[in-house]
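Try each task before you read its solution.

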Amino acid sequence: MMQQRIWGWGIGVLLLMAGCSSEPTAVSSTYVLPMTGSPAAFQQPIERPILVVRPVEMAAHLSGNGLVYQLSDTEVVQAQQNLWAESIQQQLTRRINLDLRRKQNRYWPTELTPALETMNAPRVQVRFTLFNGHYTGVAQVAGEWLLLDAHGGLQGGYPFQYQIPLEQAGYVAQVNALAAGVDRLTSDIASRLGLGVTATAPE
């Protein structure tokens with residue numbers, strides 16, 4: 001009798017394992033922000049003052065690997081199977097730098113690097129408080145950007161907030177809408193820099 005029970009239990013475990021192994025394995029999708037403009041537009045001689053684009057700062061809930069979606073006024077989730085292919089902070093820093101090279105000609109934007117002398121260069125710091133999909137069918141891109149002098153003194157601070165409608169449901173549409181928000185941001189920054197007027201701190 002005992003042997004029969006053990007045999008029956010063993011058969012049950014084998015069947016359970018077989019059932020588990022037949023379940024489909026979850027597949028992750030990874031995303032990158034699309035770039036705009038021709039690469040040739042970035043290969044320009046350095047004849048302008050350097051402008052350092054500092055590494056982007058993100059609110060804590062936005063800085064993970066997964067794309068972020070706001071389900072309600074109070075609930076925010078980070079996707080487990082839809083991930084950034086590379087740190088979103090790094091992607092945004094690179095995208096902002098390249099966009100500013102293409103959209104204005106007063107400065108030569110560059111990312112921080114130990115090999116480059118940047119002690120006397122002004123700086124741009126961008127901070128994101130929103131960079132997510134939203135249950136109303138839009139992508140939200142919001143935060144502020146700061147213009148700093150070579151010594152870190154604040155020359156100007158500018159809040160930004162964009163809501164980009166998603167063309168369709170899904171994470172691909174969300175990524176494209178977020179990228180469109182970044183494009184608006186860099187156009188606004190380039191316009192301000194191109195004026196050649198030192199910004200004033202917000203009241």
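## Exercise 1: a helix residue and its contacts

Find the residues that N97 touches, leaving aside its neighbours within four places in sequence.

Solution. Step one: N97 is in contact with V53, P109, T110 and E111 once those neighbours are set aside, where contact means heavy atoms within 4.5 Å. Step three: N97 counts as buried because its relative accessibility is 3%. Buried means under 20% relative accessible area, exposed over 50% and partly exposed in between, with a 1.4 Å probe and protein chains only.

Before you go on, note that this is a predicted model, in which local features need pLDDT of at least 70 and side-chain atom pairs count only at pLDDT 80 or more, while totals for chains, interfaces and linings use all residues. Residues are numbered from 1 along each chain as its sequence is written, and side-chain values use heavy atoms, with hydrogens and water left out.

## Exercise 2: the polar partner of D99

Which side chain makes a polar contact with the side chain of D99?

Solution. Start from helix 2 (residues 88-103), where D99 lies. With 1% relative accessibility, D99 counts as buried. Next, list what D99 is in contact with beyond four places in sequence: T36, V182, D183 and T186. Finally, the side chain of T186 makes the polar contact, at 2.9 Å. A polar contact is a pair of N or O atoms within 3.5 Å; within protein, one must be able to donate a hydrogen and the other to accept it, and residues adjacent in sequence count only if both atoms are side-chain atoms.

## Exercise 3: pairing around strand 5

In which sense, parallel or antiparallel, does strand 4 pair with strand 5?

Solution. Two strands pair if DSSP finds at least two bridges between them. Strand 4 (residues 66-70) meets strand 5 in the antiparallel sense, over 4 bridges, and Y69 has V77 as its bridge partner in strand 5. A hairpin of 5 residues joins strand 4 to strand 5. Now turn to strand 1 (residues 29-31), which pairs with strand 5 (residues 76-84) in the parallel sense over 3 bridges. There, T30 has L83 as its bridge partner.

## Exercise 4: the cavity

Which element gives the most to the lining of the largest cavity?

Solution. First, the idea: rolling a probe the size of a water molecule over the atoms shows where empty space is left. On a 1 Å grid over the protein atoms alone, a cavity is a set of points where a 1.4 Å probe fits but cannot get out, and lining residues have an atom within 4 Å of a point. The structure holds 1 cavity of 30 Å³ or more, and the largest has a volume of about 40 Å³. Its lining residues include L62, W84, I88 and F131. Strand 4 gives the most, with 3 residues.

## Exercise 5: M58

Is M58 buried or exposed?

Solution. M58 is found in strand 3 (residues 57-58). At 15% relative accessibility, M58 counts as buried. Among its contacts beyond four places in sequence are I88, L92 and F131.

How values were computed:
Helices (H or I, at least four residues) and strands (E, at least two) are DSSP runs, numbered from the N terminus. On a 1 Å grid over the protein atoms alone, a cavity is a set of points where a 1.4 Å probe fits but cannot get out, and a pocket is an open set with protein on both sides within 12 Å along at least five of seven lines; lining residues have an atom within 4 Å of a point. Grid points are joined across faces, edges and corners, and a volume is the space filled by probe spheres set on the points.
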